[in-house]
Number of protein chains: 2
Amino acid sequence: MSTFVFDAYGTLYDVNSVAEATEQAFPGHGETITQVWRLKQLEYTWLRTLMDRYVNFWEVTRESLVYTLDSLGLSCEPATFDHILDRYLHLSPYPDALGALEALRAQGHTLAILSNGSQEMLDRLVANTGLKHALDAVISIDPNRRFKPSHSAYELVGDTIGATTDDVVFVSCNPFDVCGAKGFGFKVAWIERVPPQMMRDEVRAASVVGPGTMFRLLRMQMDTLDFRPDFTIETLTGLTDLQTAG
Amino acid sequence: MSTFVFDAYGTLYDVNSVAEATEQAFPGHGETITQVWRLKQLEYTWLRTLMDRYVNFWEVTRESLVYTLDSLGLSCEPATFDHILDRYLHLSPYPDALGALEALRAQGHTLAILSNGSQEMLDRLVANTGLKHALDAVISIDPNRRFKPSHSAYELVGDTIGATTDDVVFVSCNPFDVCGAKGFGFKVAWIERVPPQMMRDEVRAASVVGPGTMFRLLRMQMDTLDFRPDFTIETLTGLTDLQTAG
C-alpha cells in the first residue's frame, strides 16, 4: 500500500471556479482577473519565501487579489471583495476528484493533501465540498513557513503522518510542484490536464492569445527544471491503475 | 555622493528587444514567445533558488526558451535557437539609459549594475551596447548562487564594491526587485514605465488582453509585498533630481 499525497489547488480543486464570482463583480474582466490573480498568488508564495517574509496563504491570496484589481484599475465594495476571496473556501472539486479518492481508498491506500493553503482554509474547503470524509489527513505547509517547492514544505508529509518518502506517491497538476516533489524524493504522478496537442490547437485557434491561454501556457505544461514525473496521466481516475510499488 | 546600483534586464535594457528575432523565426508567434519566455525566465530563477537547484542565468534563459517553444509546439534549427538566445547579449538599452548614467557620473556618483545575469553575459552585454565605459562595476549574483529577491543577491553589492547599505540607491523597473532591495535595506528608486492610467487605458482598449498586456499587468505594476519604493519616477533621466542624501 502507498500513501497518495495530493496537491489541492489546481489538482483536486479547480481554481478557475472563482471565475463566475469575478465576472459577476466585474463584467467583462472576469477572465483577466481570474488568471492574473492565480498567476500572482503563486508568484507571491515564491517571492515571500525567497525574501523570508512569510505570511499564510489566505493572506497571500488576499494580497494577490488586491494587486490584481489595482493593476486593472478596478475597485469594489469590501463585501464584494470578501465574496470573491471567500470563493477559495468553496472551490469546485474537479469532476474526477471524489471518485478517484474513493477508488484509491477502496484499494487500501492512505490519502492526504499537502497544500500551500493554511490549515483553516484547507479544513473549511474540504468540509464545504464533501471531500473531507475521503481523506486521512490534510496537511498545510504553514508550520514550516516556506511554500512549495521548498524542501521544507514536502518534509511535512513525513513529519505529520509518518509516511516514509519511498512510500509516497505525490499527485499534482502543477508542474513546479511535480518538479519540487520529485526533487525532494517522492514518486510523482502528474495530472496533465492540458496535453500538448490540446495546447497547440488552442494557441492556433486564437487570433489573440488571451489570459486563460496564457495561464495554460505558463503553468500547465511540464517545466524544464531537472525533473520529470514518474507517471503522466490525464485524469485523477487513472491513479488506481498505476504500478506504484517499490 | 551615493552609489547608484542598477538592475539590468528590464531597467537599463529592454527585454522586449528580443521580439524582432522571435517574430522573424516564428511569424505570428513573436509576441507570445517574447512574453512567455520572459515570464518563465524569472519564474525559473525563483523556483530554482527555492529548490536549491541553481544554474546560472544563461542556462535559465536557455531553459525558459526551450520551455516556451515546447509549450507552443514550435521547433527550429539549432542555429535559429542560438540566434534568438544570443539576443540576450545584444539587448537594446532603453533610450534614457546612457544619458542617465553619464549625468549621474557627472554628479560624482559611483555607478554599478547588480543583475541576475552571469558575469560573462553581463560583461558581453555592456561591452556590446556601449554602456561599459559609463559603469564603475558590473556585479553578477552568480557567486552567491541565489537569484533576486534573495538577500544574498543584494549582499554582493557590499561584498564586491564595499558600498555601505545606507549609501546605495538601488534602481529597478521590476517591482519584485524593488521590494527585495527595499527589504534588504537599500534606498530604492522604482522606474515606473507603465503608470496606472496608461495600464488602465491599455486594458480598456483591448478586446482581448494579449500577451504583452498580460506581461505589463503581471510584472510592471507595484507589488503588494510589504515594501514600497522611496522614489517613483517614470524615466531613468529623473534620477539626477532625486534628493538621496541620508
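Rings of Phe, Tyr and Trp (its six-membered ring) pair if their centres lie within 6.5 Å, and planes under 30 degrees apart count as stacked, over 60 as edge-to-face and the rest as tilted. This is a predicted model, in which local features need pLDDT of at least 70 and side-chain atom pairs count only at pLDDT 80 or more, while totals for chains, interfaces and linings use all residues. Residues are numbered from 1 along each chain as its sequence is written, chains are lettered from A and ligands numbered from 1 in the order in which they are written, and side-chain values use heavy atoms, with hydrogens and water left out.

**View 1. An aromatic cluster in chain A.** Tyr9(A), Trp37(A), Tyr54(A), Phe57(A), Tyr88(A) and Phe147(A) form one aromatic cluster. Over all chains, the rule gives 24 aromatic pairs.

**View 2. Ring pairs of Phe186(A).** With ring centres 6.4 Å apart and planes at 80 degrees, Tyr154(A) and Phe186(A) make an edge-to-face pair. This pair links distant parts of the chain, since Tyr154(A) belongs to helix α7 (residues 151-161) and Phe186(A) to the loop between α8 (175-184) and β7 (187-191), 32 residues apart; helices (H or I, at least four residues) and strands (E, at least two) are DSSP runs, numbered from the N terminus. Phe170(A) and Phe186(A), by contrast, are stacked, because their centres lie 6.0 Å apart and their planes at 10 degrees. Phe170(A) is in strand β6 (residues 168-172), 16 residues from Phe186(A). Both Tyr154(A) and Phe186(A) are buried (under 20% relative accessible area, 1.4 Å probe, protein chains only), and Phe170(A) is buried too.

View 3. Apart from neighbours within four places in sequence, Ser118(A) is in contact (heavy atoms within 4.5 Å) with Asn56(A), Phe57(A) and Ser140(A).

**View 4. The interface of chain B and chain A.** The contact draws 50 residues from chain B and 50 residues from chain A. Eight salt bridges are found across this interface, each defined as a side-chain nitrogen of Lys or Arg within 4 Å of a carboxyl oxygen of Asp or Glu. One of them joins the side chains of Asp226(B) and Arg53(A) (3.0 Å, N to O). On the side of chain B that touches chain A, α2(B) contributes the largest share, twelve residues.

Definitions and conventions. Buried < 20%, exposed > 50% of the residue type's maximum accessible area, 1.4 Å probe, protein only.
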